[in-house]
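Visitor: I would like to learn how to read the features of a model like this one. Please take me through them one at a time.

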Amino acid sequence: MLLYPGMTALDLVGPQALLAGIAAGGLHLVARAAGPITSDTGLALLAGDSFETCPRDLDVLFVPGGDGTPAQMRDADTLAFLRDRGAWAGWITSVCTGSLILGAAGLLEGYRATSHWCVRDSVLPRLGAIPVNERVVFDRNRVTAAGISAGLDFALALSARLRGVDAARTSQLVAEYAPAPPFAAGTPEAAGPVITARARAILAPLIAGSEAAATRP
């Protein structure tokens, strides 16, 4: 699981909490250098491995999204690491705008994929991916999830592929994951144009940065 400055902590922490139970002690938090990595809200997460010490043969390669996405889309070392480990990984996966980083590494060319709604349709095609408006998208060994909260759905869906449906259902119950949000505002369609415009204004730097980073010469 990749860590980088400006990532969204919940993109990683939700899936990590569910996948750690089936990883048999083999779940690695990886960054350019081992040590604390500060998320986009200031919460620090600890990388236990660097790019150099991360094992090569991985069952799952995972990339979260966040405000730091555009910088990672341009970071040669990060993209090289993802291409290298992606060549060996059983599953290549992401949550939220993590799919844009995978795309920048050339790992979504010709694949159906999703991302956060604010960049899904405008940026994924620039990276060679086929945008899909779904919470979790499987295409061969690529698995991408929509924004932040979809990370839990992603982790359960992947757990079912890795350990079977009963194991995934058990993890869901242990986590008491029975979402009943107080508002129907989790998608632009449900939230309506006024709330969507407010959200898009907050997300404007991420949108602009991602579009610029995805522009090919």
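**Salt bridges, core and pockets**

Guide: Arg32, Asp75 and Asp77 are linked in a network of salt bridges. Keep in mind that the model is predicted.

Visitor: What is the general idea behind such a pairing, and how many salt bridges are found in the whole structure?

Guide: Side chains of opposite charge can pair when their charged atoms come close. Here, a search of the whole structure finds 8 salt bridges.

Visitor: Which residue forms a salt bridge with Asp84, and how far apart are the closest N and O atoms?

Guide: The partner of Asp84 is Arg56, with 2.9 Å between the closest N and O atoms. Asp84 belongs to helix α3 (residues 76-86), while Arg56 sits in the loop between β4 (49-50) and β5, so the pair ties together parts that are 28 residues apart in sequence.

Visitor: Are these two residues buried, partly exposed or exposed?

Guide: The reading rests on relative accessible area: under 20% is buried, over 50% is exposed, and partly exposed lies in between. Asp84 is partly exposed because its relative accessibility is 25%. Arg56, at 41%, is also partly exposed.

Visitor: Which residue pairs with Asp153 in a salt bridge?

Guide: Asp153 forms a salt bridge with Arg135, and their closest N and O atoms are 3.0 Å apart. Asp153 is in helix α6 and Arg135 is in the loop between β8 (130-131) and β9 (136-139), so this pair ties together parts that are 18 residues apart in sequence. Asp153 counts as partly exposed at 21% relative accessibility, and Arg135 is partly exposed at 38%.

Visitor: Which residue forms a salt bridge with Asp121?

Guide: That residue is Arg120, with the closest N and O atoms 3.1 Å apart. Asp121 is partly exposed, having a relative accessible area of 48%, whereas Arg120 is buried at 9%.

Visitor: What is Phe154 in contact with, leaving aside its neighbours within four places in sequence?

Guide: With those neighbours left aside, Phe154 contacts Pro15, Leu19, Phe62, Thr93, Ser94, Val95, Val136, Val143 and Ala145.

Visitor: Where is Phe62 found, and is Phe62 buried or exposed?

Guide: Phe62 is part of strand β5 (residues 60-63). Phe62 counts as buried because its relative accessibility is 1%. Not counting residues up to four places away in sequence, Phe62 touches Met1, Leu2, Asp11, Leu12, Pro15, Thr93, Ser94, Val95 and Phe154. Phe62 and Gln16 are 46 residues apart along the chain, and their C-alpha atoms are separated by 9.9 Å.

Visitor: How do I read a pocket, and how much space lies in the largest one?

Guide: Start from the volume, then go to the lining. About 610 Å³ of space lies in the largest pocket. The lining has 24 residues, and the closest to the pocket centre are Arg135, Gly147, Ser149, Gly186 and Thr187. Helices α5 (117-123) and α8 (188-191) each supply at least two residues of that lining, and α5 gives the most, with 3 residues. By class, the lining has 11 nonpolar, 8 polar and 5 charged residues.

Visitor: What does the second largest pocket hold, and which residues are the closest to its centre?

Guide: The second largest pocket holds about 400 Å³ of space. Its lining has 19 residues, of which Ala23, Gly26, Leu27, Asp59 and Val60 are the closest to the centre. The elements that give two or more residues to this lining are β5 and α6 (150-163). The largest share, 3 residues, comes from β5. By class, the lining of this second largest pocket has 14 nonpolar, 2 polar and 3 charged residues.

Visitor: Finally, where is Gly192 placed, and how far apart in space are Gly192 and Asp77?

Guide: Gly192 is in the loop between α8 and α9 (193-214). Gly192 counts as buried, at 16% relative accessibility. Gly192 and Asp77 are 115 residues apart in sequence and 40 Å apart in space, C-alpha to C-alpha.

Definitions and conventions: Residues numbered from 1 in each chain as written. Predicted model: local features only at pLDDT ≥ 70, side-chain atom pairs only at ≥ 80, totals over all residues. Heavy atoms only, no water. Contact = heavy atoms within 4.5 Å. Helix = DSSP H or I, 4+ residues; strand = E, 2+ residues; numbered from the N terminus. Buried < 20%, exposed > 50% of the residue type's maximum accessible area, 1.4 Å probe, protein only. 1 Å grid on protein atoms, 1.4 Å probe; cavity = no way out; pocket = protein on both sides within 12 Å on 5 of 7 lines; lining within 4 Å. Points joined across faces, edges and corners; volume = space filled by probe spheres on them. Nonpolar A, V, L, I, M, F, W, Y, C, P; charged D, E, K, R; others polar. Salt bridge = Lys/Arg side-chain N within 4 Å of Asp/Glu carboxyl O.
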